Amino acid sequence: MGNTITEKILMAHTDLKGIAPGQLINAHVDIALGNDITAPIAISEFRAAGGKKVFDKDKVALVLDHFTPNKDINSAQQCKTVREFAMEHGITHFFEGGQVGVEHALLPEKGIVLPGDLVIGADSHTCTYGALGAFATGVGSTDLAAAMLTGELWFKVPSSIKFVVYGKLAKWVSGKDLILNVIGRIGVDGALYQAMEFTGETISNLPMADRLSMANMAIEAGAKNGIFAPDAITEEYVKPRAKRPYKFYASDANAVYADIIEIDASKLEPQVAFPHLPSNVKGVSQAGNVKIDQSLIGSCTNGRIEDLRIAAQILKNRKAAPGVRLIVVPATPLIYKQAMQEGLLEIFMEAEAVISPPSCGACLGGHLGILAEGEKSVATTNRNFVGRMGHPKSEVYLASPAVAAASAVLGRIASPEDL
Amino acid sequence: MIFKGKVWKFGDNIDTDAIIPARYLNTSDPRELAKHCMEDADPGFVTKMKPGDIIVGGENFGCGSSREHAPIAIKAAGISCVVAKSFARIFYRNAFNMGLPIFESREFFDAIAEGREITLDSIRGIITLGGTDQKFPINPIPPFMEQLIADGGLMKHIAKK
Ligand code: SF4
C-alpha cells in the first residue's frame, strides 16, 4: 500500500519505516513559528519548563505582525517579551519594524519554509506552506514551547482527502474562489483532523500565489494541513529563495484516501462567503444588494503582489464609492516596495484607498480598520466569524481581491463584470 | 475524575473569536482573559456562570485560530470541563497540552437542556443527568492524552522524559 505526500513527509521526519493514518508519532520540526500574540505564552512556558536554549536558533521564526506597529501598551509589552527572547537566543529569523510582514506571506517569500519541510506554527494559518509541498500545521503556544525546546512534537497522522480539480478558470476566478467553493461544499468541519490534497489539471496550472491562498484556508475546513505536490511552478518560486536544500515529495499512485472529490472549476464564478462562517458561500451573482462600509484587500490569504496587481487593474481610474473605506495592506515590505515600483500604490491612492503598513491589522479585528456596530466589510481575508473584524454586530464577507476591488467602487458586493 | 456542575449550552462551530475575541489578545493574563470568556457568543456569560459549571458545545467546538487564550479563558473563568460533539483540531491539542479537561459525546448533546445539572465521571466514561438515572457514554480518551493529563500537560510530560 502506498503513502500520500503528507504521510511521506511526516515519516521522513521520524525514524519509522512505515506510517499510517491515526498513528501517533513524534517528529522532528524544521521550522517553529510564533507571533506577537502566541509567542509570549510559549516563552513563559519555555521558561517555566527550565528552558535555557532553543533547540536550533536557525529553526525558530518569530514574527511581530499582529498588533504592530504596537497598537497599545499591552501589545508593546508582548512585543518586548518576544524581542528580548529573540535577542537572548540569537534567533536568526526574527522580524519586526520595517522588516516585518504578515508571517505566512513573509516566510515563503524569504525562503525560510521549503518543500518537504515539517513546519509548525503557533498560528492556525501555518497551513499556508502546504502550497510549497511542505507539511505545515497550526498548533498552540504550548506546542510551540515544546518544539522550541526539543525540536520535536507529537502528531497524529491524518488521513487525506484528495481534491481533483479540472477545467479552465473563468476570468476573475482565482485560487481564493476555488477554496471558498471547496469549503462551501464540505463545510467548516468537512476535513476535520484530515489533510486536504489538491491535484488535477487546474491545480497544475495554478500560479504559486493562488496555491498559497488555497492552502491558507485549509484550516477553515477544519483540516490539519493543505498540500500541493511540488512541480515546476514550485521550483521556479523556491529556487531563487532557498538557502538550504529542499526535497520534493509526491503521493504514491496507490496511496489510500479517505475520500476523493472531483470539482469542475470551469463553471465557477467568483465566490463570496457570507457571515458568519467561511462555508456560507454563494456565487457573486447570487449576492443580492449588500451595501458595504469597508473593503479590505490584504492579509496572509490575499496580500501578495499578484493580488495587488489584480486590485489595481480594477481600481485604475476609478474611486472607492462615497462612504466606503478602502484599505489596502501589502503583506510584506518587499510587496510594498514592488507595489510602489510598479505604480500600484499611486493607483490605490488615486482610488482614495488607505495604504496600511504590512500588518495583520484589521484582519483579526486588531487595529487599522475596525468595524462599528452594524457595519459590513468585504475582505480578502479568511475568517468571517462573529466579531472577527470589530463589533459583534458587524459583518464580514470573504472574497477575492477582484471582488473586493469591484465592491469598493460600486459600494456593494459586486463582480468586476458589473463595472 | 468527577465533574459536577450546571450546563451552559452552545451550538455548532463555536469559534475561538467567540470564546475570546481578538481585541483582548493584547494580554495573556488568565484573569484578564477570563473576564471576556464566551463574550461574543453570550455577552453576559461570565456574570451568569459559577465556578465548576460545564460548557456544552455541538460540532467543531473551538474552530478558528490557534490561540491558546481560548482554553485559558475558559479554564481561568472557572469552567470545570467542556463536553462537545466534536472539537476543532488545534483546540483539542491545546486543551490537553495545557490541562483543560474536554470530552466528546454525541448523544448527550441533544438530550441536555441549558441549566441542567450533570455529573461526568471521566474514569467510567459516563455522564449522568442530574436528578435522573439517564446516562450517556463519553468517547474514551486516547492513552497518550491520558498520559499528558496525568503528567500535568505537555511541558511537564517533556520534563519528565
Ligand atoms: S493576516 Fe489575519 S489570518 Fe493571517 S496571520 Fe494575520 S491575523 Fe491571522
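Trainee: Why is Trp8(B) called buried?

Mentor: The relative accessible area of Trp8(B) is 6%, and buried means under 20%, with exposed set at over 50% and partly exposed in between (1.4 Å probe, protein chains only). Since 6% falls under that limit, Trp8(B) counts as buried. Phe45(B), with a relative accessible area of 0%, is buried by this rule too.

Trainee: What should I keep in mind about the source of these values?

Mentor: This is a predicted model, in which local features need pLDDT of at least 70 and side-chain atom pairs count only at pLDDT 80 or more, while totals for chains, interfaces and linings use all residues. Residues are numbered from 1 along each chain as written, chains are lettered from A and ligands numbered from 1 in written order, and side-chain values use heavy atoms, without hydrogens and water.

Trainee: How many aromatic pairs does the structure hold?

Mentor: Over all chains there are 17 aromatic pairs. Phe46(A) and Phe85(A) form one that is edge-to-face, with 5.4 Å from centre to centre and 85° between the planes. The rule pairs rings of Phe, Tyr and Trp (its six-membered ring) whose centres lie within 6.5 Å, and it calls planes under 30 degrees apart stacked, over 60 edge-to-face and the rest tilted. This pair links distant parts of the chain, because Phe46(A) is in helix α2 (residues 39-48) and Phe85(A) in helix α3 (residues 73-89) of chain A, 39 residues apart. Helices here are DSSP runs (H or I, at least four residues), as are strands (E, at least two), and they are numbered from the N terminus. Phe46(A) is buried at 1% relative accessible area, and Phe85(A) is buried at 0%.

Trainee: Why is the pair of Trp8(B) and Phe45(B) edge-to-face?

Mentor: The ring centres of Trp8(B) and Phe45(B) are 5.7 Å apart and their planes stand at 85°, so the pair is edge-to-face. This pair also joins distant parts of its chain, with Trp8(B) in strand β1 (residues 2-9) and Phe45(B) in helix α3 (residues 45-48) of chain B, 37 residues apart.

Trainee: What makes the charged end of Lys71(A) sit over a ring, and which ring is it?

Mentor: The charged end of Lys71(A) is 5.3 Å from the centre of the ring of Phe67(A) and sits over that ring. The rule asks for NZ of Lys or CZ of Arg within 6 Å of the ring centre and within 35 degrees of the ring normal. The charged end of Arg93(B) likewise sits over the ring of Phe155(A), 5.6 Å from its centre.

Trainee: Which residues touch the most other members of the largest nonpolar core?

Mentor: Within this core of 142 residues, they are Ile120(A), Phe348(A), Phe61(B), Ile74(B) and Phe91(B). The term covers a set of buried Ala, Val, Leu, Ile, Met, Phe, Trp, Tyr and Cys residues joined through side-chain atoms within 4.5 Å. The largest share of the core, seven residues, comes from helix α14 (residues 401-410) of chain A.

Trainee: How do you know that helix α1 (residues 5-12) of chain A is mostly covered?

Mentor: Six of its eight residues are buried, namely Ile5(A), Thr6(A), Glu7(A), Ile9(A), Leu10(A) and Met11(A). What covers these buried residues, by contact (heavy atoms within 4.5 Å), includes β1 (24-28) and β5 (118-121) of chain A.

Trainee: How many disulfides are there over all chains?

Mentor: The count is zero, where a disulfide would be a pair of cysteine sulfur atoms within 2.5 Å. Cys37(B) is in no disulfide, since the nearest cysteine sulfur, that of Cys81(B), is 13 Å away. Cys37(B) is buried, at 1% relative accessibility.
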